[in-house]
Amino acid sequence: MSDFLSAYSIQNWLESCPQGYLEGTEFGHQPGEKEPELLIDNDLLHVETIRATVQLVVGERCALSASSGLINAAPDEASKRFLATQTLDEARHVEVFTQRLYDLGVKKDDLESTIAQYANKNLVKFAEVLLEKVDKKDFIAGVVGQNIVLEGMAFSVFEMMLAMNEGVNPKFAHTLNGTIADERRHVGFGENRIGSLIKTHPEKKPEIERMQKEMSYWMLATFTDAFRNNPAPDEFKRLEREAGGEQHHARWQGVDLSDMQPEAMEAVLADTVLKEFKIRLGRIGLEYQTPARR
Amino acid sequence: MDVHDLEPEQFLEEVHSFEFWFQAVEGYLSGLTWGHKPETAEVPQTDLERDRLITVLCNYCVGETAALEGASGLIGFAPNRQAKVFLSTQVADEGRHLEVLLHRLRDLGVAQPEAEVERRASRSILLFRQRLLELVASRDWEAAIFAQNVILEALEFAVFHSHAQTADPITREVLQGIIKDERRHIGFGENELGRRLAVAPHIRARLGKVKSELDHLVLDALEETMLSIATPQDERTRIGRTYLESVERLGLVP
């Protein structure tokens with residue numbers, strides 16, 4: 001175990017993250033990069049961009065509370081130290097996505113009310129399920145919920161957003177790139193550390209599987225809200241048609257997202273996340289539980 | 001632009017940010033491996049010197065573990081985002097301190113550093129850790145910040161500063177890196193409590209009680225640690241006075 005955990009040391013983190021892929025960045029992107037004017041000037045796109053960014057802040061605030069709360073529940077020093085780096089990663093994500101809200105014109109005094117206004121209720125429920133385990137200092141359930149379920153979801157969501165923003169919004173694409181690099185490390189730790197703990201505590205499996213089922217339910221409900229009630233893709237297409245320029249393509253998971261209806265995009269994301277859950281949960285000895293349909 | 005020229009709200013937004021931490025640590029951690037320059041060579045030590053150093057480093061590890069657990073626990077009930085983000089940078093700092101100290105123990109030939117820390121930890125530092133975590137668990141923001149970012153950090157600052165003067169070159173570099181972080185942590189505690197005391201002076205009496213309760217644990221821990229590295233009596237007294245004065249100078253307690 002100690003050999004694997006040495007790969008997650010703070011020394012490695014310093015060399016790969018602040019002194020590696022974040023070097024020279026400013027709030028996660030290249031200095032001087034700005035949001036496209038379209039996202040500020042077009043009222044509909046402006047509101048939907050703020051709404052989408054608020055969900056990222058809500059998710060990252062949950063991850064910050066969970067990773068910091070798990071430090072005191074960690075059974076060994078090396079896990080505590082890895083979670084210390086994850087805590088700072090998550091705080092950085094909170095900061096860069098909050099900064100994006102400011103860049104989009106949200107006033108500092110209006111930050112909390114904006115978050116309260118746009119936060120998806122299902123995403124808040126998703127976070128509550130996880131934070132209940134963290135509050136109980138349940139390390140195994142907490143790490144599965146945080147580093148497999150939450151981070152697994154975030155990883156795919158960020159990748160999809162990256163595909164949609166590359167080429168049209170370099171600033172946000174750069175921010176997402178750094179965040180994805182962090183999430184990859186977090187998911188890796190979850191899989192490696194928890195596998196051994198599940199083996200020694202098989203009695204925890206049913207409770208953790210129930211948690212995964214419940215979190216998956218709220219996650220899928222969040223996806224449904226995010227895609228089916230989102231007028232932004234149609235507005236982008238309308239503007240592209242009007243401009244008469246070349247259509248922007250966003251390829252991800254073998255499909256072109258720019259050609260798809262919102263329901264189909266939702267299905268691609270949900271399938272990708274759930275497939276990853278099954279693989280990762282299987283690797284740590286847990287069986288994926290299908291959530292109830294809404 | 002000098003951050004001290006900023007308006008108070010902007011100043012806090014700036015100095016409590018990841019970006020600020022990022023710029024600060026880049027300056028002094030860049031090029032270091034496990035807290036010291038890779039080319040710094042080990043100097044010969046007698047068995048007694050080595051054994052004393054191991055004992056003192058084990059006690060530092062307890063202090064850093066307490067700081068790691070305390071800072072991470074504080075995030076859960078920090079009153080605003082800036083405080084949460086700052087404490088996250090402190091969590092990573094404390095995790096780094098623990099890591100470099102454990103690594104130093106391995107360099108000194110300790111095969112199982114965590115077991116060695118348990119074996120050699122002094123009673124007073126363990127009691128301090130327990131009391132600090134009780135304050136954090138009770139979600140008493142002012143008392144916990146005072147115990148963590150003023151008392152514990154001031155103690156570590158005084159002890160590490162003194163030890164660095166006489167330590168072997170590798171241990172000195174490790175301690176000097178830690179001291180630079182501690183300055184930032186004390187600054188946060190002083191600023192956070194100073195602003196709260198300005199609008200709620202009655203908090204001062206409560207902090208005074210926390211200090212009276214913790215002072216004897218701090219001074220006992222300091223005495224035990226300094227004895228471990230054969231610090232002369234007059235120097236031990238001076239470090240104890242430095243700790244008391246540094247807390248008093250902040251003007252947070254009656």
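Two residues are in contact if their C-beta atoms, placed from the backbone, lie within 7 Å. The legends below describe views of a predicted model.

**Figure 1. Helices H4(A) and H6(A) meet in chain A.** On the H4(A) side, the residues in contact are Ile50(A), Arg51(A), Val54(A), Val57(A) and Val58(A). Their partners in H6(A) are Thr114(A), Ile115(A) and Tyr118(A). Sorted by class, this contact comprises six nonpolar residues, one polar residue and one charged residue.

**Figure 2. The packing of H4(A) against H6(A), which spans residues 111-118, is shown by the axes of the two helices.** Two packed helices are described by the angle between their axes and the distance between the axes. For H4(A) and H6(A), the angle is about 100° and the axes are 9 Å apart. Angles of 65 to 115 degrees count as roughly perpendicular, and H4(A) and H6(A) are therefore roughly perpendicular to each other.

**Figure 3. Chain A touches chain B through 25 of its residues.** Three helices of chain A, namely H2 (10-21), H4 (43-71) and H5 (77-103), each supply at least two residues of the side that touches chain B. Of the elements of chain A, H5(A) gives the most to this side, with 12 residues. The residues on the chain A side comprise 10 nonpolar, 10 polar and five charged.

**Figure 4. Leu217(B) is set in helix H9 of chain B, which covers residues 203-228.** A residue counts as buried if 20 or more other C-beta atoms lie within 10 Å of its own. Leu217(B) has 21 such atoms within 10 Å and is therefore buried. When residues up to four places away in sequence are not counted, Leu217(B) touches Ser124(B), Leu127(B), Phe128(B) and Arg131(B). Leu217(B) and Ile125(B) are 92 residues apart in sequence, yet the distance between their C-alpha atoms is 6.9 Å.

Figure 5. Taken along the principal axes, the C-alpha atoms of chain A fill a box of roughly 60 × 45 × 40 Å. Buried residues account for 45% of the 294 residues in chain A. Among the contacts in chain A with a separation of 6 or more, 80% join residues 24 or more positions apart.

Note on methods:
Residues are numbered from 1 along each chain as its sequence is written. Chains are lettered from A and ligands numbered from 1 in the order in which they are written. This is a predicted model: local features need pLDDT of at least 70, side-chain atom pairs count only at pLDDT 80 or more; totals for chains, interfaces and linings use all residues. Helices (H or I, at least four residues) and strands (E, at least two) are DSSP runs, numbered from the N terminus. Ala, Val, Leu, Ile, Met, Phe, Trp, Tyr, Cys and Pro count as nonpolar, Asp, Glu, Lys and Arg as charged, and the others, Gly among them, as polar. Axes are lines fitted to C-alpha atoms, for helices over the stretch in contact, and angles run from 0 to 180 degrees between N-to-C directions. Angles under 35 degrees count as roughly parallel, over 145 as roughly antiparallel, 65 to 115 as roughly perpendicular and the rest as oblique. A residue is buried if 20 or more other C-beta atoms lie within 10 Å of its own, exposed if 12 or fewer, and partly exposed in between; C-beta atoms are placed from the backbone.
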